[in-house]
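Here's a quick tour for anyone meeting this structure for the first time.

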Amino acid sequence: MKAVQCKSSAHHLALAAAIALAALASTLPGLAQSLADRLKGVQSGHEGPPPPSLPAWKPVTSATSSMTIPLVRGLLVSGAQASDKGDQEQIRKIEQVAPAGATMVVEWDTPSSTPGKPPDRKVSSRTVDKADLATSHRFMIYYVIGKMEHFPGSTGWGTSAEVINQLRSTGASELLLEANPDPMMTMFTLTTTKTQLVGWNGHPMNKCEMHRVGTTDVAMPMLVNGDRVELPAIQASCMIGSDESHLFFLDQPSNPMLLASKGPDGISQMVKIDFPPETPAQASSMEQALAQKKPVEIYGIYFDFNSATIKPDSEAVLKQISDILHKNPDWKLSVAGHTDNVGDASTNQGLSERRAAAVKNALVNEYQIAADRLTTRGYGASRPIESNSTVEGRARNRRVELQRQ
């Protein structure tokens with residue numbers, strides 16, 4: 001999948017040796033200082049505690065989903081990175097799929113340095129050629145804020161079908177990973193790992209001789225169109241200098257996105273995937289549940305970080321809800337907001353109330369739903385449906401629930 005990173009000294013990715021996957025992590029306040037402190041610790045022989053790790057996901061079973069994640073216009077992939085202020089989301093959206101290739105737009109928020117101010121929104125884009133989606137062994141994982149990038153000969157949010165098929169058949173494949181272009185991070189990487197760099201198209205690249213871990217895929221938990229599923233992922237490891245890193249690719253040659261990564265200095269993980277339904281039956285599942293007065297968990301409504309501001313990427317789900325209400329004019333719905341447990345209870349309570357109200361306001365003001373057909377309530381973190389100890393568990397707890405009254 002994607003690693004998003006800006007090429008400025010103020011934004012650092014948390015994965016050494018350029019195995020970054022989430023730019024949202026790279027822009028956390030204070031991260032640059034923490035890297036500098038760790039570099040000093042390495043040089044002085046007093047390195048800090050080891051980095052966090054991803055969960056030990058179980059092997060695939062007969063229950064693991066075999067669904068196809070299509071590389072189509074409108075595909076949304078959301079990653080989460082933990083911080084003391086809450087999990088930050090990075091959203092990647094396929095804006096265009098054409099015979100020549102595909103274009104992805106990447107958006108992520110960083111907390112404002114000014115209290116009370118909205119988060120800073122950063123946007124980049126990358127076009128990858130069709131031929132490279134098929135055969136490339138180069139992975140350009142850093143994105144530049146505000147740029148529309150195109151690097152013929154490389155991939156940008158995952159690997160190629162050829163690499164996945166080699167990992168499947170032989171258990172090994174070579175990959176060239178873009179080295180961190182930031183001067184400070186490059187110094188840190190070279191000092192701690194003695195990384196071997198090679199040049200390509202004016203960019204420094206790290207050689208990564210990948211080897212499949214085990215002979216069976218791992219089952220990665222994911223919210224796909226709002227449903228909790230497990231997707232098969234190939235786990236591959238590689239050494240860059242003296243450091244070992246792990247990459248988890250969707251085991252699907254037609255769309256081998258990078259779903260998670262871990263290295264000596266950080267982890268990154270995708271938690272949600274949404275794409276346009278292929279059949280009317282898929283689109284009507286929400287209506288069927290509401291007709292039976294069952295609660296419906298909504299995950300396709302995206303908010304700014306720690307905010308009740310609804311992102312434009314939520315339009316598809318909001319329209320689906322409004323279509324159902326227009327089709328059933330006698331229905332009334334309650335809209336409930338829920339959060340994870342990061343932060344204090346009163347803050348989470350207020351945030352959940354504001355998010356529920358924001359959904360109602362959008363339906364009323366943008367989709368002409370009568371206000372008296374919608375009631376709102378917030379529950380904060382008081383009604384979790386999964387453990388808050390994991391990134392994917394917190395993502396599932398952050399939700400909007402609809403209930404027909």
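A disulfide is a pair of cysteine sulfur atoms within 2.5 Å, and a search of the whole structure turns up one. Keep in mind that this is a predicted model, where local features need pLDDT of at least 70, side-chain atom pairs count only at pLDDT 80 or more, and totals for chains, interfaces and linings use all residues. Residues are numbered from 1 along each chain as its sequence is written, and side-chain values use heavy atoms, with hydrogens and water left out. Helices (DSSP runs of H or I, at least four residues) and strands (DSSP runs of E, at least two) are numbered from the N terminus.

**The disulfide**

- C208 and C238 are the partners, with their sulfur atoms 2.1 Å apart.
- They link distant parts of the chain: C208 sits in strand β9 (residues 203-212) and C238 in strand β11, 30 residues apart.
- The torsion about the S-S bond is about -110°, so this disulfide is left-handed.
- Are the two cysteines buried or exposed? Buried means under 20% relative accessible area, exposed over 50%, and partly exposed in between (1.4 Å probe, protein chains only). C208 counts as buried at 0%, and C238 does too at 3%.

**Salt bridges**

- A salt bridge here is a side-chain nitrogen of Lys or Arg within 4 Å of a carboxyl oxygen of Asp or Glu, and the whole structure has 18 of them.
- E107 and K311 pair up at 2.9 Å, N to O. E107 lies in strand β3 (residues 101-110) and K311 in the loop between β15 (296-298) and α8 (315-327), so the pair ties together parts that are 204 residues apart in sequence.
- Both E107 and K311 are buried, and they belong to a network of salt bridges that also takes in D109, R121 and D304.
- K327 bridges to E287, with the closest N and O atoms 3.4 Å apart. That links helix α8 to helix α7 (residues 285-291), across 40 residues.
- Within that pair, K327 is exposed at 57% relative accessible area, while E287 counts as buried at 16%.
- D323 and K319 form a salt bridge too, at 3.0 Å between the closest N and O atoms. Both lie in helix α8, four residues apart, or about one turn.
- D323 counts as partly exposed at 39%, as does K319 at 41%.

**Nonpolar cores**

- A nonpolar core is a set of buried Ala, Val, Leu, Ile, Met, Phe, Trp, Tyr and Cys residues joined through side-chain atoms within 4.5 Å.
- The largest one has 30 residues, and I69, L75, M220, M222 and I273 have the most contacts inside it.
- Strands β3, β10 (218-224), β11 (227-240), β12 (243-250), β13 (258-263) and β14 (266-274) each supply at least two of its residues.
- Contact means heavy atoms within 4.5 Å. Leaving aside neighbours within four places in sequence, I273 touches residues including I69, L75, M222 and M257.

**Helix α9**

- Helix α9 (residues 345-367) has 23 residues and reaches 32 Å from its first C-alpha to its last, close to the 33 Å expected at 1.5 Å a residue. The expected span is 1.5 Å times one less than the number of residues.
- Its buried residues include L351, R355, V359 and Y367, and what covers the buried residues includes α8, β16 (333-338), β17 (374-378) and β18 (399-404).
- Q368 follows α9, with a positive phi near 60°.
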